[in-house]
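Open the model in your viewer and keep the selection tool ready. We will go from stop to stop, selecting a few residues each time.

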Amino acid sequence: MLAPAKNLECGIAAIDHGADAVYIGAAHFGARALAGNSIENIKALCNYAHQFFAKVYITVNTIIYENELQSARQLIGQLAEAGADGILVQDMSIANTVLLDGRMELHASTQTDNRNIEKVKWLKDVGFSRVVLARELTLDEIKSIHDSVPDIELEVFVHGALCVSYSGACYASQYCFGRSANRGECAQFCRLSFNLVDVKGKDLLIGKHLLSLKDLCQIDELEALMDAGVSSFKIEGRLKDVSYIKNVVAAYSQRLDSLISKHPEKYCRSSKGKVTYTFTPNLCKTFNRGFTNYFLKGRKPSLASFDTPKAMGEYVGNVKEFGKGFLIVTGIASFANGDGLCFINSEHKLEGFRVNRAVNNHLFPLKMPSDLKIGTALYRNSDQKFVSIMSSNTAIRKVPVSMILDICQDGLVLTLKNDGVCSSTLFNIKLEMARKPQYENMRCQLSKLGDTPYEAAEIIITPEACKYFVPSSFLSKLRRLAVKEFSDKCLSALKSTEKVYNFVCPQIAGKQQIVSSEKINVANIANSEALHFYSAHYVMDVPTAYEVSDDNDKSTVPLMTCRYCLRYELGHCVKRGGVHQKWTEPLFLKLSDGRHFRLAFDCNKCQMKIYAEN
């Protein structure tokens with residue numbers, strides 16, 4: 001399971017709550033420009049994660065401009081020195097640098113637009129070890145990719161916000177606001193409200209968030225995804241706070257542990273450590289726009305949340321009646337002073353209010369909303385009790401070890417073991433026979449593993465060792481030395497499992513087949529090194545990045561390419577049994593400032609494209 005980290009605090013929380021790996025942005029070139037981190041903090045996170053055999057991957061997944069190439073190369077070297085395990089990339093100039101460095105895994109970011117067998121096979125052939133698949137793929141499509149290209153790791157998003165466009169194929173933010181999604185500066189065009197207008201200028205829908213999708217949640221589909229060949233589950237959220245990370249990571253980690261316990265012969269976690277939680281995770285209690293499986297089980301309706309792009313939270317009941325300054329709520333939910341509630345008002349807008357005082361199901365708002373009516377459904381988007389719980393220490397992760405104390409010719413030897421890793425530490429001491437039993441004191445001193453990442457699963461003290469008196473201070477020193485040696489041995493064991501990533505050019509290997517850039521969804525070429533990389537691997541006619549191309553070349557480029565289809569979402573896809581629409585196409589999305597965007601429906605591919613309409 002791969003968890004997001006906005007910063008060092010979130011990264012450590014993710015590891016503590018069960019993540020097998022963390023992905024985090026460096027100071028530059030990450031697809032979340034507001035979530036950058038220093039090399040020092042990345043090194044600290046790597047050191048912390050590696051104690052649990054967990055990995056740290058760095059997002060260097062923006063497109064790179066020509067004048068940034070040298071800076072990007074320097075960053076890759078610094079990340080390798082800091083101990084990073086892998087790099088997620090979109091731009092092939094970065095891929096080339098990582099391959100030449102040879103110290104880190106190379107992952108194809110979802111920004112590379114990885115949605116078919118041909119693309120995944122090409123990525124494997126040029127040196128990638130893992131591919132993050134497009135969010136839009138079905139379970140059957142994922143399985144087909146795995147069956148066709150079994151010797152590459154597949155990663156899928158399982159939770160969090162959804163982009164309505166294929167990742168890497170969205171230029172709306174750049175076009176409208178001069179903020180490129182491919183440069184980590186997405187302005188979330190898809191969360192805006194639009195009027196839906198037909199070609200005659202008639203308003204079909206007014207003020208709706210027609211492109212704003214619900215959030216992804218695949219917690220009930222993990223086993224099916226594993227069976228389909230997925231090896232890494234990715235949680236979205238590099239801009240989310242630490243409480244979100246704790247809750248979501250804990251929920252998915254516990255579900256994974258449950259599934260693995262049923263099939264230990266088939267699956268295992270890639271990291272070590274047992275997590276003890278002090279709370280019960282609940283995905284409904286942290287930020288979400290409602291949940292969807294997206295396309296995992298095929299095309300389904302109700303993917304979008306037309307009324308609001310904001311988090312509504314969990315349903316807590318309906319308004320039963322009103323009193324003087326209070327309302328009564330049906331249902332079994334309990335409330336607390338300060339809870340934040342919301343509802344969809346008569347204008348189909350999200351409206352919220354704060355509970356000043358709660359007495360069972362009698363709620364006294366700070367100010368009673370004027371549009372609140374009997375029967376209105378209420379949602380809680382701020383649960384004060386849960387917020388309080390999540391602000392405390394909510395999990396402890398420890399690696400269980402066996403400790404064996406015995407005597408040797410020169411004194412004592414303490415052996416630590418876990419999962420094939422074993423180290424023995426010698427301690428020179430002149431042993432003296434004890435006058436009273438020593439077992440309990442020895443066991444007590446050895447068990448004090450404190451703030452180390454270990455806990456004593458068992459402590460064995462041989463009968464011979466129990467015969468001798470050893471001062472507690474000596475036992476403590478021996479324990480500290482043994483833990484240090486064992487930690488070093490674990491780190492060496494982790495490094496010994498790492499691959500050396502040497503790339504063999506297809507030209508040398510004799511593979512000289514021309515590859516269609518369209519077939520493998522190549523886009524966003526912003527520098528000469530990326531262009532050369534594609535050329536060297538027989539991909540021709542690659543398109544220049546939207547961000548650096550001539551304005552005359554942009555008019556025919558779709559601002560978004562979506563598997564999501566508004567016609568289908570509104571129930572008017574006749575190909576799939578919908579009602580024949582009465583409007584006259586083409587349709588347009590109209591912003592409040594008057595700008596129009598034309599919708600084009602490609603029914604053969606089941607895609608919707610959005611174009612700028614000047």
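The tour below visits salt bridges, a helix pair, a sheet and one arginine.

**Before you start**

This is a predicted model, where local features need pLDDT of at least 70, side-chain atom pairs count only at pLDDT 80 or more, and totals for chains, interfaces and linings use all residues. Residues are numbered from 1 along each chain as its sequence is written, and side-chain values use heavy atoms, with hydrogens and water left out.

**Stop 1: salt bridges**

The structure holds 33 salt bridges. A salt bridge here is a side-chain nitrogen of Lys or Arg within 4 Å of a carboxyl oxygen of Asp or Glu.

Select Glu153 and Arg130. Their side chains form a salt bridge, 2.8 Å from N to O. Glu153 sits in strand 7 (residues 153–160) and Arg130 in strand 6 (residues 130–132), so the pair ties together parts that are 23 residues apart in sequence. Helices (H or I, at least four residues) and strands (E, at least two) are DSSP runs, numbered from the N terminus.

Glu153 is partly exposed, at 30%. The cut-offs are under 20% relative accessible area for buried, over 50% for exposed, and partly exposed in between (1.4 Å probe, protein chains only).

Now select Glu221 and Lys297. The closest N and O atoms of this salt bridge are 3.0 Å apart. Glu221 lies in the loop between strand 10 (215–217) and helix 8 (222–227), and Lys297 in the loop between strand 13 (291–292) and strand 14 (314–323), so the pair ties together parts that are 76 residues apart in sequence. Glu221 is buried at 12%, whereas Lys297 is exposed at 51%.

Next, pick Asp488 and Lys484. They form a salt bridge, with the closest N and O atoms 2.7 Å apart. Both belong to helix 13 (residues 472–496), four residues apart, or about one helical turn. Asp488 is partly exposed, at 36%.

Finish with a group. Select Lys285, Glu314, Asp339, Arg380 and Asp383: a network of salt bridges links them.

**Stop 2: two crossing helices**

Show helix 2 (residues 39–50) and helix 3 (residues 69–82). Their axes come within 9 Å and cross at roughly 35 degrees. Axes are lines fitted to C-alpha atoms, for helices over the stretch in contact, and angles run from 0 to 180 degrees between N-to-C directions.

Which residues make the contact? Helix 2 brings Ile39, Ile42, Lys43 and Cys46, and helix 3 brings Leu75, Gln78, Leu79 and Ala82. Contact means heavy atoms within 4.5 Å.

**Stop 3**

Look for the open sheet of six strands in the order 9-8-29-30-31-28, paired antiparallel. Two strands pair if DSSP finds at least two bridges between them. Strand 9 (203–208) and strand 28 (560–562) stand at the edges with a single partner strand each, so one side of each has no neighbour in the sheet.

Zoom in on strand 8 (residues 194–197). Three bridges join strand 8 to strand 9, and the two run antiparallel. Val197 has Asp203 of strand 9 as its bridge partner.

**Stop 4: Arg443**

Select Arg443 in helix 11 (residues 439–446). Arg443 is partly exposed, at 34% relative accessible area. What does Arg443 touch, not counting residues up to four places away in sequence? Arg443 touches Ile459 and Ile461.
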